[in-house]
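The paragraphs below walk through a structure, beginning with a local pairing and ending with the whole assembly. Please keep the sequence and the coordinates open while reading.

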There are 2 protein chains.
Amino acid sequence: MSYCFGIDVGGTSVKMGLFRADGEMIDKWEIKSRTENGGEAILPDISDAITAKLKERGINTKEVLGIGMGVPAPVNREGIVKATANLGWGYKEVSRELEELSGLKVVTGNDANVAALGEMWKGGGKGHENMIMVTLGTGVGGGIIVNGSVLSGENGAGGEIGHLTVNADEEEACGCGRKGCLEEYASATGIVRLAARRLERDDKPSSLRGHKLSAKAVFNAVKEDDAVAIEIAEEFGRYLGYALSDIAVLVDPAIVVIGGGVSKAGEILFRFIEPRFRDRVFFANKEMEFALAELGNDAGMHGAAKLVLN
Amino acid sequence: MSYCFGIDVGGTSVKMGLFRADGEMIDKWEIKSRTENGGEAILPDISDAITAKLKERGINTKEVLGIGMGVPAPVNREGIVKATANLGWGYKEVSRELEELSGLKVVTGNDANVAALGEMWKGGGKGHENMIMVTLGTGVGGGIIVNGSVLSGENGAGGEIGHLTVNADEEEACGCGRKGCLEEYASATGIVRLAARRLERDDKPSSLRGHKLSAKAVFNAVKEDDAVAIEIAEEFGRYLGYALSDIAVLVDPAIVVIGGGVSKAGEILFRFIEPRFRDRVFFANKEMEFALAELGNDAGMHGAAKLVLN
């Protein structure tokens with residue numbers, strides 16, 4: 001029997017999955033991300049956890065095809081990161097270091113891209129090889145899959161869908177320092193921003209008034225036919241639908257998969273995104289489908305395993 | 001010795017190149033594109049021309065690695081086109097048909113994408129594996145190269161850079177039926193349109209007045225410091241530079257190569273494009289370089305040969 005590990009490294013915890021070579025996840029667990037001292041303990045902790053798991057299961061290292069890993073930073077083809085926002089790492093030869101620690105082959109990728117690969121393999125994009133993944137969370141993450149592989153680009157920074165400029169007239173800055181990024185309108189925080197702006201504009205009654213705003217509250221109100229909430233969702237859908245038509249012109253995907261916290265609103269999202277996509281769609285992209293992500297927090301582990309099994 | 005053919009099929013002529021396996025083009029010639037009767041003669045004519053060339057050179061078919069071919073239509077991975085605008089073909093299994101005619105392996109791609117591959121291999125993008133090619137001709141063509149291969153997408157329609165929406169307020173339609181496509185501002189005809197609009201707006205003196213407008217005339221006037229021509233070039237550069245910053249966010253290229261008739265204006269183009277790109281560039285794409293295409297009309301034959309040698 002052959003196995004591999006699929007690992008998703010985050011700023012708080014490291015999600016670890018053990019997979020059979022046929023793609024079945026047979027075990028998963030978490031360890032803490034010790035980010036202090038430049039994150040020097042993270043890779044040794046991962047290597048120790050792998051050794052312990054192999055011992056526990058009676059698996060010989062010769063049966064392990066390798067370790068796939070997603071990390072929250074751009075990663076180049078040699079598995080090198082230049083800097084991380086929340087792991088403490090500066091320049092780090094991630095794949096090489098973990099290979100030396102573990103004695104196993106390691107393939108490392110960007111976490112958002114790797115999660116996209118997971119959704120293509122086992123989730124909302126199953127059966128397709130050309131896919132756009134959009135993760136609507138605190139920010140807007142993304143991944144572009146071309147012929148079954150991640151489009152990671154020259155610096156490992158491909159698929160940064162959240163930082164497409166969608167509004168040249170925006171005056172507030174995005175977290176990246178630029179203005180008018182998709183993230184400012186389609187992330188959970190972006191939707192709250194749209195909602196606050198809309199509510200301030202006039203006194204039109206809405207169940208959203210007088211409560212703490214959230215993306216969830218907006219879509220709950222949409223489901224109750226709240227007219228103001230529907231306007232907010234329409235603005236969200238316009239930015240995202242138009243952006244997807246532009247991305248499709250460039251990468252010609254079979255499917256767009258939408259994940260992240262905002263996607264918990266469900267199929268109702270497509271009521272706002274898809275008509276705007278169709279307004280602007282290029283003739284060659286008319287067949288493109290929409291789907292919700294299915295793997296939730298397990299997408300990263302699955303995609304990481306797929307990096308090894310590809 | 002091993003050889004291959006690189007073939008660029010156009011609506012008027014078919015450009016044929018004979019390459020050694022080391023990538024050196026050792027012969028090139030053209031045949032007529034006989035597009036009448038649904039273009040039924042095109043592939044047999046190509047096959048006959050190949051047979052004649054092999055005989056002329058005393059090359060055995062066993063020495064031929066295959067035929068690479070670019071055609072003016074989306075082409076899927078099986079080498080099938082669904083329709084062509086100017087070859088007469090409807091649905092056609094291009095690779096299979098030419099394989100049966102010639103007895104050789106055939107790989108077919110979209111002509112603009114294939115030309116991009118040629119520029120990466122032997123032209124302005126040499127030494128890079130992640131590249132955007134923008135061809136500024138009658139329209140705006142494009143190609144995206146990822147890790148040395150063409151991003152052709154699900155339907156063979158990837159890299160349609162000319163049809164990014166760059167101006168939501170445009171009222172005139174693009175050739176594709178949509179409004180505000182990059183092609184309406186950055187193609188040779190787009191530049192003429194920008195020039196005509198600008199000249200109509202007021203009476204500011206310009207050497208462009210009273211002559212037939214062309215992209216060439218605009219950039220010639222720019223070189224003579226004509227203030228109105230400079231304004232037109234700035235508008236062109238703003239649309240193209242901003243579009244490139246968005247494309248870079250998605251595909252993270254090492255280099256952008258600019259070709260087509262408009263690129264004959266030379267390095268001066270970058271004076272208008274690059275600062276606008278830098279205004280909006282995402283931090284991860286700051287190292288991206290700009291270059292002019294180098295292969296002219298030979299790019300398609302080179303890229304087609306590379307399809308076989310890849």
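In β10(A), A:V150 is the bridge partner of A:I145. Strand β10 covers residues 149-150 of chain A and pairs with β9(A) in the antiparallel sense over 2 bridges; two strands pair if DSSP finds at least two bridges between them. Helices (H or I, at least four residues) and strands (E, at least two) are DSSP runs, numbered from the N terminus. The two strands β9(A) and β10(A) make a hairpin with 2 residues between them, and A:N147 in the turn has a positive phi of about 50°.

The model is a predicted one, in which local features need pLDDT of at least 70, side-chain atom pairs count only at pLDDT 80 or more, and totals for chains, interfaces and linings use all residues. Residues are numbered from 1 along each chain as its sequence is written, while chains are lettered from A and ligands numbered from 1 in the order in which they are written.

Strand β8 (residues 131-136) of chain A pairs with β9(A) in the antiparallel sense over 6 bridges, with A:V134 standing opposite A:G142. Here too the strands form a hairpin, with 3 residues between β8(A) and β9(A).

How many residues of β9(A) are buried? The count is 7 of the 7, so β9(A) is largely enclosed by the rest of the structure. A residue is buried if 20 or more other C-beta atoms lie within 10 Å of its own, exposed if 12 or fewer, and partly exposed in between, with C-beta atoms placed from the backbone. In a regular strand the side chains alternate between the two faces of the sheet. In β9(A), A:V140, A:G142, A:I144 and A:V146 point one way, A:G141, A:G143 and A:I145 point the other way, and all are buried.

Chain A also contains an open sheet of 5 strands, ordered β3-β2-β1-β4-β7 with mixed pairing. The edges are taken by β3 (25-32) and β7 (106-110) of chain A, each with a single partner strand, so one side of each is left without a neighbour in the sheet. On average, neighbouring strands of this sheet are turned by 15° against each other, direction ignored. Within the sheet, strand β1 (residues 3-9) of chain A runs parallel to strand β4 (residues 64-71) of chain A and is joined to it by 5 bridges. A:G6 stands opposite A:G68 in that pair. Helix α4 (residues 111-122) of chain A packs on the sheet and touches β1, β4 and β7 of chain A, its direction making about 105° with that of β7(A). Axes are lines fitted to C-alpha atoms, for helices over the stretch in contact, and angles run from 0 to 180 degrees between N-to-C directions.

In chain B, 7 of the 7 residues of strand β1 (residues 3-9) are buried, so β1(B) is largely enclosed by the rest of the structure. β1(B) pairs with strand β2 (residues 13-20) of chain B in the antiparallel sense over 7 bridges, and B:C4 stands opposite B:F19. The parallel partner of β1(B) is strand β4 (residues 64-71) of chain B, over 5 bridges; there B:I7 stands opposite B:M69.

At the level of the whole chain, chain A has 10 helices and 12 strands. Its radius of gyration is 20 Å, close to the 19 Å that the globule rule gives for 310 residues, so chain A is as compact as a globular protein of that length. That radius is taken over C-alpha atoms, and the rule is 2.2 Å times the number of residues to the power 0.38. Of the 310 residues of chain A, 54% count as buried.

The last topic is the contact between the chains. In this model 32 residues of chain A are in contact with 32 residues of chain B, contact requiring C-beta atoms, placed from the backbone, to lie within 7 Å. Both β9 (140-146) and α8 (227-251) of chain A supply at least two residues of the side that touches chain B, and α8(A) gives the most, with 6 residues.

Chain A can be laid on chain B with an RMSD of 0.0 Å by a turn of 180° and a shift of 0.0 Å along the axis, the relation of a two-fold axis. Copies are superposed by least squares on the C-alpha atoms of residues with pLDDT of at least 70 in both. The same surface serves both copies, since 100% of the contact residues of chain A recur in chain B.

Conventions. Two residues are in contact if their C-beta atoms, placed from the backbone, lie within 7 Å.
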